[in-house]
Amino acid sequence: MPGPHRRPAARTALVAPVVAAALAYAWLLAGTRPFTPAADALAAVGLAAGVAGLTLRLVAARPAPAGPEAGGPRDASPPAGRSRTVLPWVALLAVVVAWELFCYVAGPRVAHPTLSSLSDLAARYQWLKALMVLAWLWLGWELVRP
Amino acid sequence: MSWRDVTFAAWALLAAAVVVLAVLSVAPRSPVAGPLAPLRAYLASHRVARAVVVVAWMWAGWHLFAR
């Protein structure tokens with residue numbers, strides 16, 4: 001049955017150029033400084049991609065058909081016979097929030113760096129900032145992908 | 001060892017925990033789900049919520065990298 005396999009094959013062929021474009025974009029955006037026209041323009045490209053992705057997603061979205069063959073979000077379907085849990089993530093998030101709050105109120109910032117001060121530190125290095133851009137792009141993709 | 005060292009070490013430990021959970025969540029037959037699984041399941045049937053979350057994502061990128 002070649003039909004159902006065509007679309008995944010086409011998607012696979014798109015992966016390399018899309019990843020290459022994302023890497024190039026991340027490196028270019030990471031090379032800019034905030035509050036400059038270059039940073040505004042390049043960040044706007046990412047925002048435009050977000051708008052395009054959201055529009056495509058909303059246009060393509062249809063009510064989920066009922067029935068066992070309907071499928072659903074990939075992350076939401078547990079393996080047969082097992083249920084997957086997000087509890088470890090929730091616990092980790094709670095610890096991160098607690099530690100962030102402690103650092104925020106403990107001060108001074110130089111002794112207790114918060115996440116935002118860590119991101120300011122990381123942004124001094126282009127490769128670290130590029131990783132932050134890639135993480136942002138990945139999150140955006142996760143929010144709009146089928 | 002200063003407080004700054006302790007704070008950095010704690011952040012590094014938390015970052016390592018994120019990596020470990022991320023690896024576990026993509027492992028076959030792992031009981032750990034991806035971190036976005038509940039959010040994605042919710043957004044699958046809530047169009048307005050998806051739009052709101054994507055706008056928040058856009059604001060975060062603008063704030064982090066442009067202004």
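In this predicted model, the side chains of B:Arg67 and A:Asp40 meet in a salt bridge, with N and O 2.5 Å apart; a salt bridge here is a side-chain nitrogen of Lys or Arg within 4 Å of a carboxyl oxygen of Asp or Glu. Because B:Arg67 lies in the segment after H3 of chain B and A:Asp40 in helix H2 of chain A, the pair joins two chains. Over all chains the structure holds two salt bridges, and across the interface of chain A and chain B the rule finds one. Helices (H or I, at least four residues) are DSSP runs numbered from the N terminus.

Residues are numbered from 1 along each chain as its sequence is written, and chains are lettered from A in the order in which they are written. Local features need pLDDT of at least 70, side-chain atom pairs count only at pLDDT 80 or more, and totals for chains, interfaces and linings use all residues, while side-chain values use heavy atoms, with hydrogens and water left out.

Turning to the interface as a whole, 56 residues from chain A and 41 residues from chain B take part in the contact, defined as heavy atoms within 4.5 Å. Together the two chains bury about 4500 Å², 73% of it on carbon and sulfur atoms; this is the accessible area (1.4 Å probe) that two parts lose on being put together, summed over both.

Two helices of chain A can be followed onto helix H3 (residues 47-65) of chain B. H2(A) and H3(B) pack at an angle of about 170°, with their axes 10 Å apart. Axes are lines fitted to C-alpha atoms, for helices over the stretch in contact, and angles run from 0 to 180 degrees between N-to-C directions. The two helices H2(A) and H3(B) are therefore roughly antiparallel, the term for angles over 145 degrees. Among the residues making this contact are A:Asp40, A:Leu47 and A:Leu54 of H2(A) and B:Arg50, B:Trp57 and B:Phe65 of H3(B). By class, the contact has 13 nonpolar, two polar and four charged residues, where Ala, Val, Leu, Ile, Met, Phe, Trp, Tyr, Cys and Pro count as nonpolar, Asp, Glu, Lys and Arg as charged, and the others, Gly among them, as polar.

For H5(A) and H3(B), the axes come within 10 Å and cross at roughly 170°, which makes H5(A) roughly antiparallel to H3(B). Contributors include A:Trp136 and A:Leu143 of H5(A), together with B:Val53 and B:Leu64 of H3(B). This contact has 14 nonpolar, two polar and two charged residues.

How values were computed:
Parallel < 35°, antiparallel > 145°, perpendicular 65-115°, else oblique.
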